[in-house]
Amino acid sequence: MEIERDIMSALLEWKRRPERKPLIIQGTRQIGKTWIMRKFGEDYFDYVAYFNLDVSDELCREFENTKNPERLLNILRLYTEQPIEPGRTLIIFDEIQQSNKALNSLKYFCEDAPEYHILAAGSLLGVSLSRGDSFPVGKVEFLRMYPVTFREFLRVDAPRMYEYLERMTEIAPLPEIVMGRVGEAYRRYQVCGGMPAAVTAMLEKRGVREIEEIQKSILIAYSLDFAKHAPGKDIPRIAAIWHSIPSQLAKENRKFVYKLVKTGARAREYENGLLWLEHAGLIYRVFCSSKPGLPLSAYDDLSAFKIYLCDSGLLRVMAQLPVDALWSENALYVEFKGAIAENSVLQSLVARFDVLPRYWTSDATAEVDFLLQYNSLLLPIEVKSGTRLGGKSLGIYLNRFNAGLALRYSMNNLRRDGKILNIPIFLADWTEKLLALSSQTQA
């Protein structure tokens with residue numbers, strides 16, 4: 001089953017730009033980078049010349065011997081049966097982090113052979129780029145890829161419901177049939193998360209057991225990456241942070257606590273491990289904002305942060321949360337259901353707005369789950385996993401900072417209550433559209 005990915009339109013825009021540079025697709029392992037590059041080539045080019053630098057040391061060594069693009073292209077032609085012609089061939093360098101010289105060669109392709117279309121990607125490219133070795137500064141473009149979103153999932157799972165949401169023209173309660181059917185689809189999405197292999201298994205109705213086996217294998221692959229690619233001295237600390245994530249998020253206050261990683265652990269010992277997981281795209285680190293202001297990054301309290309997983313479906317499996325907990329009212333599951341909901345909303349916000357939110361707290365009396373910088377607005381956000389809307393934190397924030405608008409995600413219907421825009425949690429991917437509709441309503 002084929003899932004239409006929204007990133008395809010960005011790739012097509014890149015292809016059509018005459019001033020384009022080689023494009024690097026960033027994103028964590030197993031989110032479909034290789035598939036989307038090949039699919040893009042098959043759909044919009046006559047030929048696809050695919051080179052995987054992880055499976056050929058010989059090919060990596062070719063980049064050691066020359067920086068001249070024409071000579072490199074002549075060599076590459078020996079490694080593929082596909083013609084390499086400007087304008088007609090998409091050249092793909094996969095797992096490019098395996099060769100710093102290959103990464104550096106993109107500079108010379110940009111300067112001396114801009115007529116060729118070149119895509120590059122790598123599972124741990126973010127880790128390689130953080131080292132700064134031979135990086136072609138200013139000579140490449142970047143495009144971030146994320147796990148499959150619920151919007152992409154719904155487009156396949158319930159096309160009529162998807163079309164209805166795409167055609168929304170006002171902030172008004174959704175029909176019951178939409179709330180019911182989209183809500184059911186969202187629960188299925190929470191089970192599989194956004195990893196394409198798990199999403200495909202869900203859409204093909206292969207059963208929860210097979211979906212979870214796929215997710216477990218992905219988690220194992222991530223753990224193996226620690227041992228293979230991280231500095232030796234950091235491996236135990238990276239693994240300890242990784243395995244502590246469920247316990248970090250199980251607390252009512254989800255602030256990262258080092259003693260949950262290891263008794264007596266200190267921040268300076270684990271900072272490199274946190275950075276490695278961030279650069280690998282496996283976690284999001286959400287800092288506390290010491291004072292709500294713009295730009296948000298100027299007010300980060302670097303000593304206080306929360307960490308979330310790159311995919312909420314993987315988080316559920318890592319935490320061994322049973323599937324029925326997602327729609328159960330059992331009080332034992334309340335805290336972690338809230339964590340799953342926050343993780344899901346964060347994924348949507350990062351993918352749609354391409355920005356990492358912060359959070360706000362005040363003397364342990366109030367906490368706003370996220371702060372989102374959107375143009376000149378600073379939006380406080382509250383996330384609820386169910387329909388109960390208890391809590392005073394959002395009201396405290398609105399009164400203290402005289403905010404004009406706040407967002408609340410829950411399983412309640414769409415509506416605007418004064419300064420609070422109530423959004424069904426399954427509409428998080430449509431947040432930007434809803435903000436535009438809300439501003440029209442208030443105008």
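Angles here run from 0 to 180 degrees between N-to-C directions, with each axis a line fitted to C-alpha atoms. The model is a predicted one. Helix α7 (residues 150–157) packs against helix α8 (residues 159–166) at an angle of about 130 degrees, and their axes sit 6 Å apart. That angle makes α7 oblique to α8. On the α7 side, the contact is made by Arg151, Leu154, Arg155, Val156 and Asp157; on the α8 side, Pro159, Met161, Tyr162, Leu165 and Glu166 meet them. Sorted by type, the residues of this contact come out as six nonpolar, four charged and no polar.

How much of α7 is tucked away? Six of its eight residues are buried, so the helix is largely enclosed by the rest of the structure. The buried ones are Phe150, Arg151, Glu152, Phe153, Leu154 and Arg155. Their cover includes α8, and also α9 (176–192), α10 (196–203) and α15 (334–353).

Next comes the sheet. Five strands line up in the order β2-β3-β4-β1-β5, making an open sheet with parallel pairing. At the edges stand β2 (47–52) and β5 (141–144), each with a single partner strand, so one side of each has no neighbour in the sheet. From one strand to the next, the twist averages 20 degrees. Looking at one pairing, strand β3 (residues 89–94) runs parallel to β4 and is joined to it by four bridges. Across this pairing, isoleucine 91 stands opposite isoleucine 118 in β4.

Helices also lie across these strands. Helix α2 (residues 33–44) lies across β1 (23–26), β2, β3 and β4, and runs at about 170 degrees to β3. Helix α5 (residues 100–112) lies across β1, β3 and β4, running at about 160 degrees to β4.

Is histidine 117 buried or exposed? Its relative accessibility is 5%, which is under the 20% cut-off, so histidine 117 counts as buried. The side chain of histidine 117 makes a polar contact, at 3.4 Å, with the side chain of arginine 20. Setting aside neighbours within four places in sequence, histidine 117 is in contact with Trp14, Lys15, Arg20, Phe45, Gly87, Thr89, Leu90 and Ile91. Ile91, then, is a contact of histidine 117 and also the residue that stands opposite isoleucine 118.

Technical notes:
Residues are numbered from 1 along each chain as its sequence is written. This is a predicted model: local features need pLDDT of at least 70, side-chain atom pairs count only at pLDDT 80 or more; totals for chains, interfaces and linings use all residues. Side-chain values use heavy atoms; hydrogens and water are left out. Helices (H or I, at least four residues) and strands (E, at least two) are DSSP runs, numbered from the N terminus. Angles under 35 degrees count as roughly parallel, over 145 as roughly antiparallel, 65 to 115 as roughly perpendicular and the rest as oblique. Contact means heavy atoms within 4.5 Å. Ala, Val, Leu, Ile, Met, Phe, Trp, Tyr, Cys and Pro count as nonpolar, Asp, Glu, Lys and Arg as charged, and the others, Gly among them, as polar. Buried means under 20% relative accessible area, exposed over 50%, partly exposed in between (1.4 Å probe, protein chains only). A polar contact is a pair of N or O atoms within 3.5 Å; within protein, one must be able to donate a hydrogen and the other to accept it, and residues adjacent in sequence count only if both atoms are side-chain atoms. Two strands pair if DSSP finds at least two bridges between them.
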